[in-house]
Structures are given as C-alpha cells and as structure tokens.
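Student: I would like to learn how to read a protein model, feature by feature. Can we go through one together?
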Amino acid sequence: STTIGNYVLPPLLAKLYAALPDAHIDMYIANTQEVVSEVEQLNIDIALVEGMPRPIDMKVIEQRAWRKDTLMVFAKRDSQWLTDIAVYNEADNCYELSREQLAKLPLLVREAGSGTRQIIDEKLIKHLPDAEIVMAIQQSEAIKHMLSADLSLGCLSQHVIQAELTAGALVQVKVAGIDLSRTWWLVWHKARHQSPIWQSFIDILTED
C-alpha cells in the first residue's frame, strides 16, 4: 500500500539487497484493494497492505498481521480552523478537540479503497456522521501540501507526517474518545512459488 511503499519499505528492501546484491525486485504501489487484487491474480509475490485484505477467496490467500500503525488527525500549525475552538496541550505538543467539534470542521482524506480510508471510515467517520469530507485524494503527499496551505484538517499515518511534525510545520489534533490504531498485513497467494529470495524477504519482514 502507498504509506508502506513510500515510507516503510525502502529500508527493508535495502536489507534484502545487502543480503542478496544480485536480487532483482519490482515494487508495485497502489491502494490496499488494488494490491490484494494483484495478489489474487498471482501477479505479486508478497504484499504489504494497510487495510484488512478481504480477498475474494480466503482459502487461497495467506494473510498475517505484520505491524501496528496509528493514524493521526492533523493540521497546519496555527491553523485558522483550530484558533477559536481547540485547546492546545503544551505537554503533548498537540491540539485537543471533541468529536462534536471535529464534526464541524472540513476534513481531507484518502480515496475509497485505500487502507487509510478504511480505518478513517470505520474508526472516525462512523462516530462523526455529519463530518464534512471536503475532498478524497489518492496521494498522501498531496494531502500534506493542501494542509500546509490550511485548506482543512487531514488524517494520515504517523509515518507520513512525522518529518513535518518534528519540524513544527504540522501539528497533531487529538480527538477525545477516538482510537485510530490499525494493523498492517502481510499477504501472499498460497499457489505462488516460494523461492529462496521470497523466503529471505519474509525473514527480513518478520525479524523484528
């Protein structure tokens, strides 16, 4: 999936190349739904996805919990949307909102079919039936740039916005009573050939 492919997978691939310098690897990045479809069609050896895989035929697909991740609601520091209603928590360096307050603010999210959007729908929007989704976008980078222009609030993985949080350009917005943790999944087709390089990469992915 896009968050894993862009932010988490590169150092893991570096480990594989260090162990097997002659390896040849192709990487396909798309949203969870598209990636799982490629696995089902035997086009991909190993998939790492952010949403629940939900394959068409569970009997032929192996899926294992891989890592934990947390989504964050966030905004531009000193955002116009937070100035008058949010409480700033200096100890945690974040703003705090109630669910009712967040429901009145515009929200920019990932597109339907992405693992990030799946969690937003299940764990955030479900509790905010009147929330204003101003736009759904395929690329996390585009969402960050739009929030840097103070277009709205957003919700992405902590991995995507960590550099901007550290630099102080963006700030986390904690919402009372909302848990945005999720599980990332390791997925493969049981009929796919499990070569030595396949096993080496599985070992790297599961070693920590």
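Student: Where is Met135 found?

Tutor: Met135 sits in strand β6, residues 132-137. Strands (E, at least two residues) and helices (H or I, at least four) are DSSP runs, numbered from the N terminus. The model is predicted, so local features need pLDDT of at least 70 and side-chain atom pairs count only at pLDDT 80 or more, while totals for chains, interfaces and linings use all residues. Residues are numbered from 1 along each chain as its sequence is written, and side-chain values use heavy atoms, with hydrogens and water left out.

Student: Is Met135 buried, partly exposed or exposed?

Tutor: Buried means under 20% relative accessible area, exposed over 50%, and partly exposed in between (1.4 Å probe, protein chains only). Met135 has 34%, so Met135 is partly exposed.

Student: Which residues make the nonpolar surface patch?

Tutor: Patches use residues with over 30% relative accessible area and no salt bridge; nonpolar side chains (Val, Leu, Ile, Met, Phe, Trp, Tyr) are joined within 5 Å, like charges within 9 Å. Areas come from the Shrake-Rupley method with a 1.4 Å probe; for residues, only the protein chains shown count as cover. Here Val134, Met135 and Leu151 make a patch of about 210 Å².

Student: How do I read the two sides of a helix?

Tutor: An α-helix has 3.6 residues a turn, so residues three or four places apart point the same way. Take α6, residues 158-167: Val160, Ile161 and Leu165 are buried there. These three cover an arc of only 110° around the axis, which puts them on the same side of α6. The arc is taken from the directions from the helix axis to the C-beta atoms.

Student: Which exposed residues are on the face turned away?

Tutor: That face of α6 carries Ala163, Thr166 and Ala167.

Student: What covers the buried residues of α6?

Tutor: Contact means heavy atoms within 4.5 Å. The cover includes α1 (2-19), β2 (61-76), α5 (140-148), β7 (153-157) and β8 (170-175).

Student: What caps the N-terminal end of α6?

Tutor: Ser157 does: a side-chain oxygen lies 3.1 Å from the backbone nitrogen of His159. A polar contact is a pair of N or O atoms within 3.5 Å; within protein, one must be able to donate a hydrogen and the other to accept it, and residues adjacent in sequence count only if both atoms are side-chain atoms.

Student: Where is Asp69, and is Asp69 buried or exposed?

Tutor: Asp69 is in strand β2. At 1% relative accessibility, Asp69 is buried.

Student: With which residue does the Asp69 side chain meet in a salt bridge?

Tutor: A salt bridge is a side-chain nitrogen of Lys or Arg within 4 Å of a carboxyl oxygen of Asp or Glu. Asp69 meets Arg182 (2.9 Å, N to O). The pair links distant parts of the chain, strand β2 and strand β9 (residues 181-189), 113 residues apart. Salt bridges that share partners join Glu50, Asp69 and Arg182 into one network. The structure holds eleven salt bridges.

Student: What should I know about phi?

Tutor: Most residues other than glycine have a negative phi. Asp78 is not a glycine, yet has a positive phi of about 60°. Asp78 lies in the loop between β2 and β3 (87-89) and is exposed, at 61%. Asp150 also has a positive phi, about 65°. Asp150 is in the loop between α5 and β7 and is buried, at 12%.
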